[in-house]
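Please open the model in your viewer and keep the sequence panel beside it. The tour moves from the whole chain to its sheets, naming at each stop what to select.

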Amino acid sequence: MDCPKISITNFTVVSSLLLAGGLKKPKFWEDELEVILKQASTPDKTVIIAVVNKAYVELSVDSNTTMLDLFLESLRLEEDNASLQNHLLLAAVDQTAYNRCKAERLHCYRVVTDGVDYSGEEVYMSKDFIKMMWRRTLFLSRVLKYGYNFIFTDADVMWLRNPFLRLSMNSTDDLQISVDKFNGNPRSEKNHINTGFYYIISNYKTISLFDAWYAQKDNSTGKKEQDVLSDLMMAGIFGKLGLRVRFLDTKYFSGFCEDSKDIWAVSTVHANCCRHIMAKLRDLKVVLRDWKQFKAALNKNSSVAVNENMNLRWTAHTECLNSWKYK
């Protein structure tokens with residue numbers, strides 16, 4: 001596909017000045033999102049963002065837990081992750097998800113979309129699933145335009161270790177993004193990107209990327225936003241905008257598409273390559289079980305801690321493998 005004509009000044013002069021710090025906003029300009037971002041951010045204006053709906057926060061008859069429960073449990077299992085919850089902003093796309101977020105005493109923002117109900121399970125690649133992904137992209141674009149860096153994480157990503165320790169934090173990389181399968185080269189645009197986990201810096205280049213990305217929404221029937229970003233990447237948009245992009249090694253940022261082969265190093269596990277929420281829930285519960293058993297073995301036997309050549313494998317993600325057999 002041809003890369004759309006893009007200008008790196010593809011936003012208003014006022015927005016540019018605000019981002020550069022050349023124009024001070026009067027307090028009455030602050031909206032609810034900006035207030036919550038301030039509350040959740042680190043001193044360097046970085047937040048962690050996850051988007052949730054009713055299907056991710058409410059118990060079903062088939063499960064005794066929810067996706068949000070598992071996500072928060074993963075954050076709380078590791079001591080290094082404990083403080084990260086203070087910088088987590090949950091964007092709720094329906095009232096049930098918002099209420100659950102408030103009950104957890106987290107930083108919460110209600111994403112409102114007139115005339116659209118995102119409360120049910122949006123099956124992978126369904127029409128409503130694609131709509132929800134584009135709404136998410138628009139919301140995240142607003143965060144960048146407020147001048148905030150962020151890690152975006154799907155709620156079906158388990159944070160086993162602090163991912164910030166594996167990310168480049170010196171601002172030379174504009175975007176660090178997970179992949180379904182890692183080809184061994186962190187700069188290769190032939191990697192298959194996954195927008196379920198990425199770290200992005202707010203600057204004029206990344207804002208222009210999101211503007212160009214969202215502008216393709218109505219010209220990409222049948223494609224999810226991840227596919228559109230991949231198309232833009234293959235058409236050379238990263239180079240045209242001068243973006244420095246790092247593709248994250250699945251050794252550290254893994255998923256069901258490609259397991260990390262090093263349990264001693266892995267930071268996150270994403271339930272990607274999976275079609276249904278129930279399948280994700282069941283297999284992620286097994287991931288946390290495997291992780292707890294590994295941690296317990298370390299605590300029980302000091303010899304395990306020094307033997308990093310031990311053959312430790314993840315349990316097969318059977319439910320997700322089988323999820324593709326059913327609509």
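A residue is called buried when its relative accessible area is under 20%, exposed when it is over 50%, and partly exposed in between, with a 1.4 Å probe and protein chains only. By that criterion, 53% of the 327 residues of the protein chain count as buried.

This is a predicted model, in which local features need pLDDT of at least 70 and side-chain atom pairs count only at pLDDT 80 or more, while totals for chains, interfaces and linings use all residues. Residues are numbered from 1 along each chain as its sequence is written, and side-chain values use heavy atoms, with hydrogens and water left out.

**Whole chain.** Select the protein chain and colour it by secondary structure: there are twelve helices and ten strands, taken as DSSP runs (helices H or I of at least four residues, strands E of at least two) numbered from the N terminus. With a contact meaning heavy atoms within 4.5 Å, residues 24 or more positions apart account for 73% of the contacts with a separation of 6 or more. Switching to a surface view, the accessible surface comes to about 15700 Å², of which 50% belongs to carbon and sulfur atoms; the area is from the Shrake-Rupley method with a 1.4 Å probe.

Two strands are paired here if DSSP finds at least two bridges between them. Next, select the open sheet of seven strands, whose order is S3-S2-S1-S4-S7-S6-S8 with mixed pairing. Its edge strands are S3 (107-110) and S8 (245-247), each of which pairs on one side only. From one strand to the next the twist averages 30 degrees, where axes are lines fitted to C-alpha atoms, for helices over the stretch in contact, and angles run from 0 to 180 degrees between N-to-C directions.

**The three-stranded sheet.** Finally, select the open sheet with the order S5-S10-S9, which has mixed pairing. Strands S5 (157-159) and S9 (253-255) stand at the edges with a single partner strand each, so one side of each is left without a neighbour in the sheet. The twist averages 20 degrees from one strand to the next. S5 pairs with S10 (residues 268-270) in the antiparallel sense over three bridges, and Met 158 stands opposite Val 269 in S10.
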